[in-house]
Amino acid sequence: MLKWYIAGFLIGVTALLLNYLKGKNISASSTYSFIVDFFTKSYRKEKLWLFYFFIGMFFGGFISFMINGFKFIPHTIAGLDEIYGSNPVLKAIILFTSGLFIGFGTRMAGGCTSGHCIVGAGFLKLPSVVATLVFFLTAVATSFFIEFLLKQ
Amino acid sequence: MIYLITGIAFGLILSLAGATQFKVLHDMFTFRSFHLYGVIMVAVITIISGSIIFRKKITKPFRAFHPGIIPGSVLFGIGWGLSGTCPGPAIIQIGEMHLIAAATIAGILIGNLIYKKIHYKYFKWEEHSCDE
């Protein structure tokens with residue numbers, strides 16, 4: 001795993017580079033809004049870059065898959081089974097339900113970890129700092145709750 | 001092209017930093033590990049410094065307070081805690097061939113669509129997003 005100070009620095013540099021070269025700011029959740037708007041025919045063409053960035057993230061993950069020696073593990077994500085057990089259908093249902101919360105919540109809040117926490121806080125925007133504190137504390141409470149309920 | 005390359009960089013770094021692993025996220029939320037706090041802190045400090053050094057060349061993002069920020073963040077926080085995944089890592093996990101993340105992505109898209117419908121029907125304020 002990359003050391004935290006190296007990873008953090010590189011994430012910051014990537015965000016700055018995109019801003020410096022193209023005047024755009026990383027926002028992963030906006031891509032989902034773009035895709036939904038595309039299929040409901042109300043999308044704006046100037047937001048197409050979000051989709052290219054999204055495809056890039058896919059390939060970034062794929063390169064990591066290659067670096068890590070092509071370990072094909074389709075049915076789980078590291079650590080998921082320790083909390084939810086090994087039934088893939090149950091895990092898929094939990095991930096889908098979480099996705100509903102994530103999609104609804106990020107569109108309502110206008111951003112997620114990349115847009116509000118990293119970029120928004122990095123540019124010292126108060127609404128983003130507030131959003132970050134709220135979703136972070138909620139995630140902390142949720143994590144302790146599922147551990148209390150489910151961990152064997 | 002630059003969007004594709006920065007996307008690849010972003011995806012690769014997050015993946016190598018462990019930000020796509022449920023375990024790493026869960027250990028952050030339950031205060032067992034400092035790792036991701038360090039990653040986020042250094043990323044934010046790098047952007048703060050960069051935006052001061054290159055201030056003439058930087059496009060500051062627009063962020064506004066709107067009524068959706070707090071309830072939206074609460075809902076996102078629940079999903080984030082349950083799945084250990086945020087919208088970026090969901091697609092990176094697919095790239096890592098953890099194909100079960102397709103369930104997360106389907107959920108995010110449908111949740112996003114449901115909010116869109118509700119927003120335009122019931123809410124009066126303007127929608128904002130972080131790409132502004």
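Me: How many salt bridges does the rule find across the interface of chain A and chain B, and what makes a pair count as one?

Reply: The rule finds four across this interface, where a salt bridge is a side-chain nitrogen of Lys or Arg within 4 Å of a carboxyl oxygen of Asp or Glu. The model is a predicted one, in which local features need pLDDT of at least 70 and side-chain atom pairs count only at pLDDT 80 or more, while totals for chains, interfaces and linings use all residues. Residues are numbered from 1 along each chain as its sequence is written, chains are lettered from A in the order in which they are written, and side-chain values use heavy atoms, with hydrogens and water left out.

Me: Why are A:Asp37 and B:Lys116 called a salt bridge?

Reply: Their side chains meet at 2.9 Å, N to O, and the rule asks for a Lys or Arg nitrogen within 4 Å of an Asp or Glu carboxyl oxygen, so the pair qualifies.

Me: Why is A:Asn25 called buried?

Reply: Its relative accessibility is 4%, and buried means under 20% relative accessible area (1.4 Å probe, protein chains only), so A:Asn25 counts as buried.

Me: What makes the link between the side chains of A:Asn25 and A:Asn19 a polar contact?

Reply: The distance is 2.8 Å, whereas the definition asks for a pair of N or O atoms within 3.5 Å, one able to donate a hydrogen and the other to accept it, and residues adjacent in sequence count only if both atoms are side-chain atoms. A:Asn25 also touches residues of chain B (contact means heavy atoms within 4.5 Å), among them B:Thr59 and B:Asp131.

Notes: Buried < 20%, exposed > 50% of the residue type's maximum accessible area, 1.4 Å probe, protein only. Lists of a residue's contacts leave out its neighbours within four places in sequence.
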